[in-house]
Amino acid sequence: MSDSYYDSVGEEVPSDSFWEVGNYKRTVKRIDDGHRLCSDLMNCIHERARIEKGYAQQLTEWAKRWRQLVEKGPQYGTVEKAWHAFMSEAEKVSELHIEVKSALMNEDFEKIKNWQKEAFHKQIMGGFKETKEAEDGFRKAQKPWAKKLKEVEAAKKAYHVACKEEKLAVSRETNSKADPALNPEQLKKLQDKVDKSKQDVLKTREKYEKALKDLDNATPQYMENMEQVFEQCQQFEERRIRFFREVLLEVQKHLDLSTVPGYKNIYRELEQNIKAADTVEDLRWFRANHGPGMSMNWPQFEDWSADLNRTLSRREKKKAADGVTLTGISQTEPVPQHNKNSSVSSSEKNQSYSADWSDEETNNPFSSNDAPAETNPFDEDTSPTMEVRVRALYDYEGQELDELSFKTGEELTKIEDEDEQGWCKGRLDNGQVGLYPANYVEAIQ
């Protein structure tokens, strides 16, 4: 705003000029601000580096999790490969962001830290050497002019006081002429007071004008000296600004992944993998492996053979060959092992007779001359068994529909004794009846 505006509203014009005494302190403070700005920029870069690292870790964890889910999921064929390409892209991009984090901390952060250390030198008594040099330079340049300015202010004050006294004396003299009570001697004293105050005004005005002239003569040198110190501060600030610009450009290069040759290749490869997904090929593969294209052992006429009398499902054959794997057991203490050669699942309990039996009388265990004709050798023994309360020693999870599940310490009722494969039939308190390993329980005394 112009001075005329302030005059129009009757307010004193505020002076915030650099040339005012002490107003150089803003320029001095800028040096301290430069040190603070270096620290702020380092903190800014450090936080961005943490973000880059966290994002890279999240990409890696995401890729690992979804790679496993896709592998275990129902997707197949070329679309599965295209899906996996997204996880590969995430892993590669994660590596690039780790490189960005390293560049920010090892190059940009360290560069600012070293420049700050070289540009600002701390003093034992606190503050920086550069700040003190600027402060001393401005104070030295301003001191002579400030002294003369003080003299001008004192002369100005004295002149204004003399003018006020003169005006007061003239006013008294004028009023005394209209007062008949005053004698000539009193009137003469008032006249002498007026003459003296006019002389004081002339003397103080002369001193005021002389002090102001001396100040005007000292002003050019004052301005030159202040300019020199200010220019030194400008040069220091120029170095800081140029350095910041240089560092920010380097940070931009490190953050701009589009300039990394491998970055474009990642998405070019991802696009190729997605486009390689072949609908016809996937449908053909599913037809061949899970559909009408599969081979089949169609039923054919077969003559009777003693070896075919005992048939096992594929699952039972596998169990018979491999033994029982009790995957549903939560082991709380050492669990006794079944005899691997004799252990079978409960679904094979009724297959305990030999598969090599012969229909010859000498080898047929079900043939007897003394047995009644109506006796069925395959009928289960219906003789009553005494029920016994037992307690579970270990956790057991039933593997077949006809097996029981229980926890350690749970009580149940044994309703049939242990068979030759090590299984008992029991009943839970909820009424469920099934088989369980005999060595997983103990009788309650």
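This note goes through salt bridges in a predicted model.

1. Overall count. Searching the whole structure gives 26 salt bridges.

2. Asp40 and Arg36. These two residues form a salt bridge, with 3.5 Å between the closest N and O atoms. Both belong to helix α2 (residues 25-72), where a spacing of 4 residues puts about one helical turn between them. Asp40 is partly exposed at 36% relative accessibility, while Arg36, with a relative accessible area of 56%, is exposed. Arg36 is classed as exposed because its 56% lies over the 50% cut-off.

3. Arg48 and Glu52. Helix α2 also holds this pair, again 4 residues apart, or about one turn of the helix. The closest N and O atoms of the Arg48–Glu52 salt bridge are 2.9 Å apart. Arg48 counts as partly exposed, at 35% relative accessibility.

4. Glu387 and Arg427. In this salt bridge the closest N and O atoms lie 3.2 Å apart. The pair connects distant parts of the chain, 40 residues apart: Glu387 sits in the loop between α8 (314-322) and β1 (388-392), and Arg427 in strand β3 (residues 423-427). Glu387 is partly exposed, with a relative accessible area of 47%; Arg427 is partly exposed as well, at 26%.

Note on methods
Residues numbered from 1 in each chain as written. Predicted model: local features only at pLDDT ≥ 70, side-chain atom pairs only at ≥ 80, totals over all residues. Heavy atoms only, no water. Salt bridge = Lys/Arg side-chain N within 4 Å of Asp/Glu carboxyl O. Helix = DSSP H or I, 4+ residues; strand = E, 2+ residues; numbered from the N terminus. Buried < 20%, exposed > 50% of the residue type's maximum accessible area, 1.4 Å probe, protein only.
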